[in-house]
Amino acid sequence: MKKICVISILVIVIPLLFYLLEPIFVQTSGWSVFPKITKSQPVVQHQDSISKKADSLLRDIFSRIKTPAISVAVGKNGKIVWANAIGYEDIEKNKKVSLKTKFRIGSTSKAVTSIGLGVLLQNKKLSLDSKVKEFVPYASKTLSEITLKQLASHTSGIRNYGICFCFPIWEYYNNDEYATTKERCFCI
């Protein structure tokens, strides 16, 4: 009877642990060997010299960082002045990236946000003591009293996306999509 219990527990626990910790294994080891992509070209072939130079930089960066795909856009005065992409959206299916390909940005947005915050502070267009309610009038009572300083320094007291068991699985399998910022704001 004791052997049956031990075997039953192992049959249940080992697959459950793998499921919970799978993102760690995938992140560190990958599913398969990354293919050598040497002949990939940007999806848009620009004609003017400045855009051609930007395309060339994109190719160089792509070959150096060994990633499946890169998509870059440069804007000025609210308009896109140059955009291009290179690589594969799905390597296994040999599907090339396009300018419409959506990427999961993860923590990249933190760096972009901090640069934007720094520029706004430097130009005195923003104060770290400003409260969320000044920018997000529909924020809940709890959120509306948080200052930008608290948000920027991660001292606001906002927990991660709901319950956090601190397993990578919760973020890895999180496919929640929000149509608007307002919709997301009410989930916290």
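Q: So what does the secondary structure of the protein chain come to?
A: Seven helices and three strands, counting DSSP runs numbered from the N terminus, with helices being H or I of at least four residues and strands E of at least two. Along the sequence the pattern reads α-α-β-β-β-α-α-α-α-α. This is a predicted model, where local features need pLDDT of at least 70, side-chain atom pairs count only at pLDDT 80 or more, and totals for chains, interfaces and linings use all residues. Residues are numbered from 1 along each chain as its sequence is written, and side-chain values use heavy atoms, leaving out hydrogens and water.

Q: How many bridges join S1 to S2?
A: Eight, with strand S1 (residues 69-76) and S2 running antiparallel; strands pair if DSSP finds at least two bridges between them. Valine 72 stands opposite asparagine 84 in S2.

Q: And what about the hairpin there?
A: Two residues lie between S1 and S2, and asparagine 77 in that hairpin takes a positive phi near 50 degrees.

Q: Switching topic: which residues are in the largest nonpolar core?
A: Leu58, Phe62, Ile70, Trp82 and Ile86. A nonpolar core is a set of buried Ala, Val, Leu, Ile, Met, Phe, Trp, Tyr and Cys residues joined through side-chain atoms within 4.5 Å. Buried means under 20% relative accessible area, exposed over 50%, partly exposed in between (1.4 Å probe, protein chains only).

Q: How much of the chain is buried?
A: Buried residues make up 20% of the 188 residues.
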